[in-house]
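Biologist: I am new to this one. Could you show me how to read it, feature by feature?

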Amino acid sequence: MQAWNAIPPCPGRPEPGALPLAAALLALLTACSSGTASPDGSTQASSAPIGSLSVRGSRAHLELTDAVLHRDPASGAAELTLTVRNEGSVPEHLNLISTTEYGRATLQGSKGPENALSTAGILINPGEHATFGGDGPRILFPAGANTASPTTPGTAVDTIVIFNVAGLVHLQAATG
């Protein structure tokens, strides 16, 4: 396995020792990315408006839409609402979500068998979708989150989403 220090320097990428985990993952994800196809067939994400993203790979095809981070100014807690549609041919699990501003989210599964939480994450079967927020599964950030984070509606929040098949995805969530 290649060490972080062995990765060639990339203009504009922060030094890894000064970053928390979420920011380090974000730096790895965005490091020198040109948006072109990888020769190994790895997953790619297309650029899209704030709150939406299309992710395609050899085994994954996900459509992420309506990503909005809602922050409670009194407690600092936040919730990410989001719809993930699995257009691929294999089951997918949403495993982790993190932002530099809010840290790592807690995932809660739905009450029914669809989009239930397991040790693998929240299941999204092929041809199905998960709507996070409301009565569905939820993505919750802890109270005491960074109170200086953006609160203007429509401001972008860098969000790292990890899926079991699609892998690490960089999503720009809107604030609401």
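**Reading the strands, core and loops**

Modeller: Gladly! Strand 2 (residues 53–56) and strand 3 (residues 61–71) run antiparallel and are joined by four bridges. This is a predicted model, where local features need pLDDT of at least 70, side-chain atom pairs count only at pLDDT 80 or more, and totals for chains, interfaces and linings use all residues. Residues are numbered from 1 along each chain as its sequence is written, and side-chain values use heavy atoms, leaving out hydrogens and water.

Biologist: What counts as a strand, and when do two strands pair?

Modeller: Strands (E, at least two residues) are DSSP runs, numbered from the N terminus. Two of them pair if DSSP finds at least two bridges between them. Here, arginine 56 has histidine 61 in strand 3 as its bridge partner, and a hairpin links strand 2 to strand 3 through four residues.

Biologist: Which residues touch the most other members of the largest nonpolar core?

Modeller: A nonpolar core is a set of buried Ala, Val, Leu, Ile, Met, Phe, Trp, Tyr and Cys residues joined through side-chain atoms within 4.5 Å. In this core of 29 residues, they are Leu64, Leu80, Leu82, Ile139, Phe141 and Phe163.

Biologist: Is alanine 166 buried or exposed?

Modeller: Buried means under 20% relative accessible area, exposed over 50%, and partly exposed in between (1.4 Å probe, protein chains only). Alanine 166 has 6%, so alanine 166 is buried. Alanine 166 sits in the loop between strand 12 (156–163) and strand 13 (167–175).

Biologist: And glutamate 128?

Modeller: With 33%, glutamate 128 is partly exposed; this residue lies in the loop between strand 9 (121–124) and strand 10 (129–132).
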